[in-house]
Structure formats: structure tokens, C-alpha cells
Amino acid sequence: MALSKTPAGQRSRPARPAQTAEAARSVHPAPLAPPAPITPQPRRSSRRLNYVDLTLPECQTLLESRDIGRIAWNAGGGPQILPVSYACVGELLVFRTSPFGVLSELVRPTQVVFEVDELDAARHAGWSVIVHGRAQAVASPALLTHLWTVEGAEPWAGGVRNVFIGITVERMTGRSFGLPRTPVNAR
């Protein structure tokens, strides 16, 4: 197949072979080219992004207003995320667990993420606070004595839950969406 020359001497697309006289007299119409593929357009939500980043004091207030959250970490068997009842005690988030369950992996220092939120599906509104930190067993005898009396640290799950895990907060962020700047539903 020969390439045709353009006026500037550059090569362009391949030249078509000459048609025979018989082909030129053919009454068959040229085959239709396949239709151009239709690229689906992304559907856009009619809702605009309506969130605001919460300040550190707002995050702290919301964190202290709840007693159930979710803790996530990379466990020996892969990523885990579990709900826990917790309490804010000084600079720690504290929860109790069994010495034999999957959460007992956190007795050794482990990087974790902790989340607490409130969502209203009907109004498409809510808030979320995320804590990044280090979890490990609480070892201080004085702190352990105090933690047995702290409200909110009592687990919902039955059985022996005598291991206290404390999360030292390294970073905390939060968002509120579809709500006023500071959510009014904080206790």
C-alpha cells in the first residue's frame, strides 16, 4: 500500500487502491460505517457539596458527646473495623475488651483510626469525627483503678472485659454536612 505525498512532502494516510470499472458501476451502496460509540456522560448530583471542616474544639465536643464509635486497624488477619463503647478520659479514648478477642491485639502499641458520627439519612445530613492515634493496653495501676469507675467505658458485649485499651490521639479531624456549622445534637 503506497503512502500519498502532501504538498509539503510529508507522508499522510495510505492512498486507496484504484477502483475497477466494474466496481465503479456497482449499484450497491457503500456499507454504513458503524455508529460512533456513545460515551455515557457521568450523572451529576443535583446536590452540591455542603460540608464544612470542623475545628478541633468542635471535634472534641462531638467526640465527648458520644459513647459508641468504631475502631479500625490492620490486624494480623487483615483490616478490622469494630464498634466499641468508649469514654474520653483526659487525653485518652478508652474502651474495655476481652483478653481473648480480636481487640486484644491492641494491647501492643498499634496505629489505629477511630470514628464517631451521627447521620440522618432522611435529611442527608450529619457529622463525622476521625481520630488517628496509637492504641495500647493501659498499664498504670492508678489509671486502671480510676477507669473502673468511669461511665461510658462499660462494654455492651457480655463476658469478661477486663483489658483496658487507651488510644492516644495524634490527629483529629471532622466534617459536618447538611447541618449548621456546629451540630446542635451534641449532648
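Student: Which of the residues that line the largest pocket lie nearest its centre?

Tutor: This is a predicted model, in which local features need pLDDT of at least 70 and side-chain atom pairs count only at pLDDT 80 or more, while totals for chains, interfaces and linings use all residues. Residues are numbered from 1 along each chain as its sequence is written, and side-chain values use heavy atoms, with hydrogens and water left out. On a 1 Å grid over the protein atoms alone, a pocket is an open set of points where a 1.4 Å probe fits, with protein on both sides within 12 Å along at least five of seven lines, and lining residues have an atom within 4 Å of a point. The largest pocket is lined by 13 residues, and those nearest its centre are Pro83, Val84, Leu103, Ala157 and Arg161.

Student: What is the volume of the largest pocket?

Tutor: Grid points are joined across faces, edges and corners, and a volume is the space filled by probe spheres set on the points. For the largest pocket, this comes to about 230 Å³.

Student: Which element gives the most to the lining of the largest pocket?

Tutor: Elements are DSSP runs numbered from the N terminus, helices being H or I of at least four residues and strands E of at least two. Both β5 and β7 (92-97) supply at least two residues of the lining. With three residues, the element that gives the most is β5.

Student: How many residues of that lining are charged?

Tutor: Ala, Val, Leu, Ile, Met, Phe, Trp, Tyr, Cys and Pro count as nonpolar, Asp, Glu, Lys and Arg as charged, and the others, Gly among them, as polar. In this lining, eight residues are nonpolar and three are polar. The number of charged residues is two.

Student: In what order do the elements of the protein run?

Tutor: The secondary structure comes to three helices and 10 strands. From the N terminus on, the order is β-β-α-β-α-β-β-β-β-β-β-α-β.

Student: Is Leu62 buried or exposed?

Tutor: Buried means under 20% relative accessible area, exposed over 50%, and partly exposed in between, with a 1.4 Å probe and protein chains only. Leu62 belongs to helix α2. Its relative accessible area is 2%, so Leu62 is buried.

Student: What distance separates the C-alpha atoms of Leu62 and Glu118?

Tutor: Along the chain, Leu62 and Glu118 are 56 residues apart.

Student: How is the aromatic pair of Tyr86 and Phe114 arranged, stacked or edge-to-face?

Tutor: The structure holds one aromatic pair. Its rings, of Tyr86 and Phe114, have centres 4.9 Å apart and planes at 75°. Rings of Phe, Tyr and Trp (its six-membered ring) pair if their centres lie within 6.5 Å, and planes under 30 degrees apart count as stacked, over 60 as edge-to-face and the rest as tilted. The pair of Tyr86 and Phe114 is therefore edge-to-face.

Student: Which strand holds Phe114?

Tutor: Tyr86 and Phe114 are both buried. Their pair links distant parts of the chain, 28 residues apart. Tyr86 lies in the loop between β5 (78-85) and β6 (87-89), whereas Phe114 lies in strand β8.

Student: What distance separates the C-alpha atoms of Val112 and His132?

Tutor: Val112 is in strand β8. With a relative accessible area of 4%, Val112 is buried. Val112 and His132 are 20 residues apart along the chain, yet the distance between their C-alpha atoms is 6.0 Å.

Student: With which residue does the side chain of Ser128 make a polar contact?

Tutor: Ser128 is placed in strand β9, and its relative accessible area of 14% makes Ser128 buried. A polar contact is a pair of N or O atoms within 3.5 Å; within protein, one must be able to donate a hydrogen and the other to accept it, and residues adjacent in sequence count only if both atoms are side-chain atoms. At 2.9 Å, the side chain of Ser128 makes such a contact with the side chain of Glu115.

Student: What is the phi of His124?

Tutor: His124 is in the loop between β8 and β9 (125-137). At 43% relative accessibility, His124 counts as partly exposed. Although it is not a glycine, His124 has a positive phi of about 55°.
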